[in-house]
Each structure stands twice: as C-alpha cells, then as structure tokens.
Amino acid sequence: MNGILEVAVRSLVAFGLLMYIAHLLGKQTISQMTFHDFIASITLGSIAGNLTFNTSIPFRYFLVSLFIFSGVTYLSTYISLKNRNVRALFSGEPTVVIEDGKVLEDNLKKLRFTMDSLNQALRGKDVFDIIEVQYAVMEADGQLSLLKKPPYRFITRQDAAMLSRSSAFPIELVMDGKLIEKNFSQNELSKAWFFTELAKRGVSQNEIFYCVKGTNGQLYIDLYKDNLHTPLDVES
C-alpha cells in the first residue's frame, strides 16, 4: 500500500509541476513544435514519467533534474526572444519550397522532402493542383504556408482593384529592431530607398520593431510603441 501511495503522490506532483512549467514556458511550446520545443517536450515528459513510477531513484533527484532542465529551456527561450540568430539556431528558419510557381528542388532536398510529401501538404491546404500556387514556405514548426496565384484567390473588394498588378513575395526588412541585411542584398533593395520611405512617414529605424515589404509593394511598419491604451488582449 505504501508503494501505491508513493506512486499516487509522485503522479500528482509530476502533474502539478508540468502544469507550472508549461505556463512558465508559454503557449508557443504547445502551439508551435520547433526543434527547441520538440527536445524540451520529450525530455520534460520523460523526466516527469520517471518521476511518476520509477521509485528506485530518490524523489529529490527527479526534482533537481526537472527544475534544471526547465531552467535551461526557459533561458534558451528568453535568449531566443532577444537574438534572432540564436532563435534561428534553436527553432530553425522557414524555407521557401515554391517560388513564383516553380518548385525549388534543392530546398526540398535540404528538407528531406519529396514531391509526394509536398503534394500531400498542399492538399492539406485544400490545394489539389500545384499550378494554383505562387509561393509556398515550410515554416520552422513543420507547417506549410502558401500564397495562391491571383486568379485562384478568394476575391475581396481590395483584390478586385489590384488584380491587374503583379504580386511579389513579402520581404522582411526589419525584425526585432534590426535590419535584415541579406534580404536587402538578395532582393536588390537599396537602404537609401528604405530610409527615404521611413523619412516620409516620420519614423526612424530605432522606433521600428518589424517591417516587411508586402505582396503589393507597400511597407508594413510595426513600431515598438503601439499607442494602444486599451489593447484587446494582454498576455498574462
């Protein structure tokens, strides 16, 4: 009976600790399974599972292991938020697999992705004919995002006025307040043009959190100061 009671207590403690750790690490760990999140999830699950039923190892050892690994995971997540390069290392980066309607075979090979797998992912997005796709991106969490060619998109009033214009893939220019140098060079964008556009809007670079050149060629700029006095949702 003592053994059963010990397992019951361990199970309750493991459940409570995992609930606490899950809240500590944030929603991203359960919503987007990146490399970093995958490793964290299976390791924490293994430690908690052993904590529950492996009575041959002292209880305190599991607690030390659980809190140390949780601390490392939390620290790596915090560093990832502050540094884009570290974030790319831990979580990976999105990979373009279809560009301007053309499949990028080399990128598929890097992902160890076959055309059968790509077509299956497209069907999961209700696309049964690859000819409809203008751009497709494999995200860091393994999900496929895509942009259809204009004739195959759902039409809105704004779309109707823009059908005659060509669409380009969105180009991220600033992330976390820092210029993404390679996107300027790869897309032959001038920094002088960029800073001129900022000057027209009365904005300086150090005020910008995120900036992207959209599919319509317009700049979308998000500032650090949103000036929202009553935001709809505040993360607790």
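Biologist: Which two strands form a hairpin with two residues between them?
Modeller: In this predicted model, strands β5 and β6 form that hairpin, and Asp-176, which sits in the turn, has a positive phi of about 55°.

Biologist: How many bridges hold β5 and β6 together, and in which sense do they pair?
Modeller: Strand β5, covering residues 171-175, pairs with β6 over two bridges, and the sense of that pairing is antiparallel. If you want a residue to look for, find Val-174, which stands opposite Leu-179 in β6.

Biologist: What packs on the sheet there?
Modeller: Helix α10, made of residues 191-201, packs on the sheet and touches β5, β6, β7 (208-213) and β8, while the direction of the helix makes about 65° with that of β8.

Biologist: What does the strand order look like in that sheet?
Modeller: The sheet is open and has four strands in the order β6-β5-β7-β8, with antiparallel pairing. The edge strands are β6 (178-179) and β8 (219-223), each of which pairs on one side only.

Biologist: And what actually joins strands in a sheet?
Modeller: Strands of a sheet pair through backbone hydrogen bonds, and the pairing can be either parallel or antiparallel.

Biologist: Back to β5, then: how many bridges join β5 to β7?
Modeller: Four bridges join β5 to β7, and these two strands run antiparallel. A residue pair to look for here is Met-175, which stands opposite Tyr-210 in β7.

Biologist: How many residues of β5 are buried?
Modeller: Four of the five residues in β5 are buried, so the strand is mostly covered.

Biologist: Let's change topic to the sheet that holds β1. What order do its strands have?
Modeller: That sheet is open as well, with four strands in the order β2-β1-β3-β4 and antiparallel pairing. Its edge strands are β2 (102-103) and β4 (144-148), and each of them pairs on one side only.

Biologist: Which helix packs on that one?
Modeller: Helix α7, residues 115-124, packs on the sheet and touches β1, β2, β3 (133-138) and β4, and its direction makes about 70° with that of β4.

Biologist: How do β1 and β2 pair?
Modeller: Strand β1, residues 95-99, pairs with β2 in the antiparallel sense over two bridges. Within that pairing, Glu-99 has Lys-102 in β2 as its bridge partner.

Biologist: Now for charges: how many salt bridges does the count come to?
Modeller: The count comes to four salt bridges. One of them is formed by the side chains of Glu-132 and Lys-148, which meet at 3.9 Å, N to O. Glu-132 lies in the loop between α7 and β3 whereas Lys-148 lies in strand β4, so the pair ties together parts that are 16 residues apart in sequence.

Biologist: Is Glu-132 buried or exposed?
Modeller: Glu-132 is buried, because its relative accessible area is 18% and the cut-off for buried is under 20%. Leaving aside residues up to four places away in sequence, Glu-132 touches Val-127, Lys-148, Lys-149 and Tyr-152.

Biologist: What about Lys-191, which residue does its side chain meet in a salt bridge?
Modeller: The side chain of Lys-191 meets that of Glu-181 in a salt bridge of 2.5 Å, N to O. Lys-191 belongs to helix α10 and Glu-181 to helix α9 (residues 181-186), so this pair ties together parts that are ten residues apart in sequence. Lys-191 counts as partly exposed at 32% relative accessibility, and Glu-181 is also partly exposed, with a relative accessible area of 44%.

Biologist: Where do Glu-197 and Lys-200 sit?
Modeller: Both residues are in helix α10, and because they are three residues apart there, about one helical turn separates them. Glu-197 is buried, with a relative accessible area of 16%, whereas Lys-200 is exposed, with a relative accessible area of 63%. Salt bridges that share partners join Glu-197, Lys-200 and Arg-201 into one network.

Biologist: Last topic: which residues form the nonpolar patch on the surface?
Modeller: The patch is formed by Tyr-74, Leu-75, Tyr-78 and Ile-79, which together have about 380 Å² of accessible area. Tyr-74 has its place in helix α4, residues 59-82, and at 40% relative accessibility Tyr-74 counts as partly exposed.

Notes
Residues are numbered from 1 along each chain as its sequence is written. This is a predicted model: local features need pLDDT of at least 70, side-chain atom pairs count only at pLDDT 80 or more; totals for chains, interfaces and linings use all residues. Side-chain values use heavy atoms; hydrogens and water are left out. Two strands pair if DSSP finds at least two bridges between them. Contact means heavy atoms within 4.5 Å. Axes are lines fitted to C-alpha atoms, for helices over the stretch in contact, and angles run from 0 to 180 degrees between N-to-C directions. Buried means under 20% relative accessible area, exposed over 50%, partly exposed in between (1.4 Å probe, protein chains only). Patches are made of residues with over 30% relative accessible area and no salt bridge: like charges are joined within 9 Å, nonpolar side chains (Val, Leu, Ile, Met, Phe, Trp, Tyr) within 5 Å. Accessible areas come from the Shrake-Rupley method with a 1.4 Å probe; for residues, only the protein chains shown count as cover.
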